[in-house]
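Please look over the sequence and the three-dimensional structure shown below before you read on. The briefing that follows takes up a few local features, topic by topic.

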There are 2 protein chains.
Amino acid sequence: MAYYIKQDLNDTICALATAGGVGAIGVIRVSGKQAIQIVDAVFKGKRLTQQASHTVHFGKIADGPKVIDEVLATLFVEPKSYTGENTVELSCHGSPYIQQQMLQLLVNKGCRLAKPGEFTLRAFLNKKLDLSQAEAVADLIASNSEESHRTAMMQMRGGFSYQIAEMRERLINFASLIELELDFAEEDVEFAQRDELIQLVTTIQALIAELLQSFKYGNAIKNGIPTVIAGKPNAGKSTLLNTLVNEERALVSDIAGTTRDTIEEAFVIDGITFRLIDTAGIRTGAGDKIEEMGIERTFEKIQQASVILYVFDASITTADELQEELTQFNNLNVVLIPVANKTDLQQQPSSFAVPNLVSLSAKEKTGINQLKLRLSEAIRKDEVKNDIIITNLRHYEALQHAHESLDQVLVGVNAHITGELLAFDIRKALFHLGEITGEVTTDDLLANIFSKFCIGK
Amino acid sequence: MAYYIKQDLNDTICALATAGGVGAIGVIRVSGKQAIQIVDAVFKGKRLTQQASHTVHFGKIADGPKVIDEVLATLFVEPKSYTGENTVELSCHGSPYIQQQMLQLLVNKGCRLAKPGEFTLRAFLNKKLDLSQAEAVADLIASNSEESHRTAMMQMRGGFSYQIAEMRERLINFASLIELELDFAEEDVEFAQRDELIQLVTTIQALIAELLQSFKYGNAIKNGIPTVIAGKPNAGKSTLLNTLVNEERALVSDIAGTTRDTIEEAFVIDGITFRLIDTAGIRTGAGDKIEEMGIERTFEKIQQASVILYVFDASITTADELQEELTQFNNLNVVLIPVANKTDLQQQPSSFAVPNLVSLSAKEKTGINQLKLRLSEAIRKDEVKNDIIITNLRHYEALQHAHESLDQVLVGVNAHITGELLAFDIRKALFHLGEITGEVTTDDLLANIFSKFCIGK
């Protein structure tokens, strides 16, 4: 594993911590045993090595006689820093050129450029945060809606870790008791009551099931809820997209088959991001080859959707026709919202007796709020009891494995297998729970997680 | 003037100070009388109002029960800050969503979003830096090469201001002496020796002339040196561009007239940015209308160039033909560098007796270093004696006006005009010099300067 090797951790690392490009200021972070000494060697101002932690000092960064910038240097003396190591943050002017020059100077003076996520890796290795908290840091940075922010924040602050730790502790106690029995194997005692074990495992499995259940929602709020706008040509799908996102995003015309490529736009209701996907209208005998390819794409998108807005022209569609059209979605595991569009063109009020129906005019922008409400409800209904929400596929898989191992424990207990085998199965469940918080890790796992971070974090 | 009104300065302002987009961290800057109190009201941690200047504190920013982020808050108590006001810098996670939430919260609690450059404007108004230094801050942020960085840094650190201030002081002394004469007008005394005035004005004018002279170079290093690659079709101009910038930037083919649009690429030699401009080959009777438009564009670009690389095919061009072709540049005020290309195809070494000639093969990448050296020399030759270099058009114009006013002073002295009129002309020169450093300003001028800054600076 080339990515993380032990001696790397003795290096002092540096990186630009703020976003790239021109800004008023930029921050360069330096962390490691030698951080303060190395910066001090190029800092003209107070002697940084003699200053207290958590203080800020104005000075110049200079390469010999050449001043690179006037900066503010903020000191964090180990272990009171993000990484747990000596850290200096240099706040300089927001010129990429200057930042490049400073990083080069720091490297010349003995720093190494940080790998992606290396500051947070060090924080993890120095037990400043556990693995799921470290992962939440990346989620927090990527958060772009109220819900994704809330779940990442909760995870970073340890809400999830706490639940996992509690489950593990109870299981560890049990495993220890069972292992104790092994020492007294000849006396045939049972320190660990089997019925208590069954109860504990069942309780923990129920909790895991809840967390697993939350993943669908968690994944949706992290990545946005794929919401396909489908319907016949000229039903007003693109107009609806434009109205919802409040701009002329999709080309609109009276000509059936205007939309060919699928068009995606994000759109937030009540803190939840919906990824609206406008599609080519569904019809047989399409105008041309390109439109046919578009329709094929529509069916692909429908397969991947969590929500389908089925838009139809209420002024020309009969109740029977609608019933018939909706059957094509019968076997899909989606929330289906039929949208009766063009109510402004209707001669008389319609009576479509289908569930979840919303009537609106995308063109006149009437009834839009009702649709938003319906979308919001559709997702909230799925919401989970537990306040903790899984958003990370890795956690989801580890929980699944833990659940399976616990199944094995139950099977074992009922089959009266030996304590040795039982303890083995419990240890397996513990292993998978430990994977989440990082009690159990491999270099590969760490490399895989942290290499996806941005540099400077 | 809507942009800067007096009472604005009593507001506490906030803005994202780091570049937009996702990064590891972002910094929000809050400045003004109430900065520390306002942040303290949403900060969960130590009471910021009770902490010393230049200290850093970990805590949470919360909107009631809702935690927006974990942050580091750095305190600067007035007047020891960039703006001279109370300032708090909040280092938060680099998520645009979080930054938006925090700014919104701060605004709800009584801050106002900062206008572009408003932090630096306040620094200027609080006499933390003079106007030319403030302008250098923006130049420094925009600097992208060693030379533009060096001149901006020198200006920000006051090298230029110092020269201006010195000139002003000497002129002010003289003006005062002359004005003193006016009080003793009946006695017909001369406190201010006219020959000394002539000497002083002449010295100052020489210095101003030097600074004015430096502007051509200063402007070039700030904006890059416009360097046009011209020549006949198929001389290898685009290949030369690609070789110089080391990528396949321009489309290259054997077909004469491949390049139609002019293509620009920046390229740094010895810390100086050259803006390479590849142009359509020059020929009469071009292939089509678009190519003709391209050739027209070529001549426009040649007019604006500082350097022309005239590329020709050395394997088919005779010395006489070259002489003839170069005559078209005779009346231009440019550095002309004839480039004998395709030396790899030459049967025998050529002898083109023209100055500045460089022989190379753009395709084989031989002779390129010689061309770079020639480019670098061509610019260095223009370089100025004075270490201070003018890069700002506003300063250039103010210096021109000061120079003109001083001309008037000389004319006046020689014509033995009254002390009153003489003092008036000197005051005019002082006014223009004062414009540079901001001793003399108008709201319009300030608005004009600072509105071009980025927000957060």
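A residue is called buried when its relative accessible area is under 20%, exposed when that area is over 50%, and partly exposed in between, with a 1.4 Å probe and protein chains only. By that rule Arg374(B), at 18% relative accessibility, counts as buried.

This is a predicted model, in which local features need pLDDT of at least 70 and side-chain atom pairs count only at pLDDT 80 or more, whereas totals for chains, interfaces and linings use all residues. Residues are numbered from 1 along each chain as its sequence is written, chains are lettered from A and ligands numbered from 1 in the order in which they are written, and side-chain values use heavy atoms, with hydrogens and water left out. Helices (H or I, at least four residues) and strands (E, at least two) are DSSP runs, numbered from the N terminus.

**Salt bridges**

- A salt bridge is a side-chain nitrogen of Lys or Arg within 4 Å of a carboxyl oxygen of Asp or Glu, and over all chains the structure holds 34 salt bridges.
- One of them joins Lys115(B) to Asp8(B), with the closest N and O atoms 2.3 Å apart. Because Lys115(B) lies in the loop between strand 7 (112-113) and helix 3 (118-125) of chain B, while Asp8(B) lies in the segment before strand 1 (13-16) of chain B, the pair ties together parts that are 107 residues apart in sequence. Both Lys115(B) and Asp8(B) are buried.
- Another salt bridge brings together the side chains of Glu78(B) and Lys33(B), at 3.4 Å from N to O. Glu78(B) is in the loop between strand 5 (66-76) and strand 6 (87-93) of chain B and Lys33(B) is in the loop between strand 2 (25-31) and helix 1 (35-42) of chain B, so this pair ties together parts that are 45 residues apart in sequence. Glu78(B) counts as partly exposed at 36% relative accessibility, whereas Lys33(B) is exposed, with a relative accessible area of 53%.
- The side chains of Glu377(B) and Arg374(B) also meet in a salt bridge, at 3.8 Å from N to O. Both residues lie in helix 11 (residues 368-380) of chain B, three residues apart, which is about one turn of the helix. An α-helix has 3.6 residues a turn, so residues three or four places apart point the same way. Glu377(B) is partly exposed, with a relative accessible area of 42%, while Arg374(B) is buried at 18%.
- In chain A, salt bridges that share partners join Asp11(A), Glu85(A), Arg112(A), Glu118(A) and Arg122(A) into one network.

**Two helices side by side**

- The axes of helix 7 (residues 194-223) and helix 13 (residues 419-437) of chain B come within 14 Å and cross at roughly 20 degrees, where axes are lines fitted to C-alpha atoms, for helices over the stretch in contact, and angles run from 0 to 180 degrees between N-to-C directions.
- That makes helix 7 of chain B roughly parallel to helix 13 of chain B, since angles under 35 degrees count as roughly parallel, over 145 as roughly antiparallel, 65 to 115 as roughly perpendicular and the rest as oblique.
- Arg194(B), Leu197(B) and Ile208(B) in helix 7 meet Gly419(B), Leu422(B), Ile426(B) and Leu433(B) in helix 13, contact meaning heavy atoms within 4.5 Å.

**A mostly covered helix**

- Helix 3 of chain B is mostly covered, seven of its eight residues being buried, and these are Glu118(B), Phe119(B), Thr120(B), Leu121(B), Arg122(B), Ala123(B) and Phe124(B).
- The buried residues of helix 3 pack against several elements of chain B, including strand 1, strand 2, helix 4 (131-142) and helix 14 (443-450).

**Backbone features**

- Most residues other than glycine have a negative phi, and most peptide bonds are trans.
- The peptide bond from Glu78(B) to Pro79(B) is cis, with omega near 5 degrees, and Pro79(B) is found in the loop between strand 5 and strand 6 of chain B.
- The peptide bond from Glu78(A) to Pro79(A) is cis, with omega near 5 degrees.
- Asp270(A) has a positive phi, near 50 degrees, and is partly exposed, with a relative accessible area of 48%.
- Lys365(B) has a positive phi, near 60 degrees, and counts as exposed at 52% relative accessibility.
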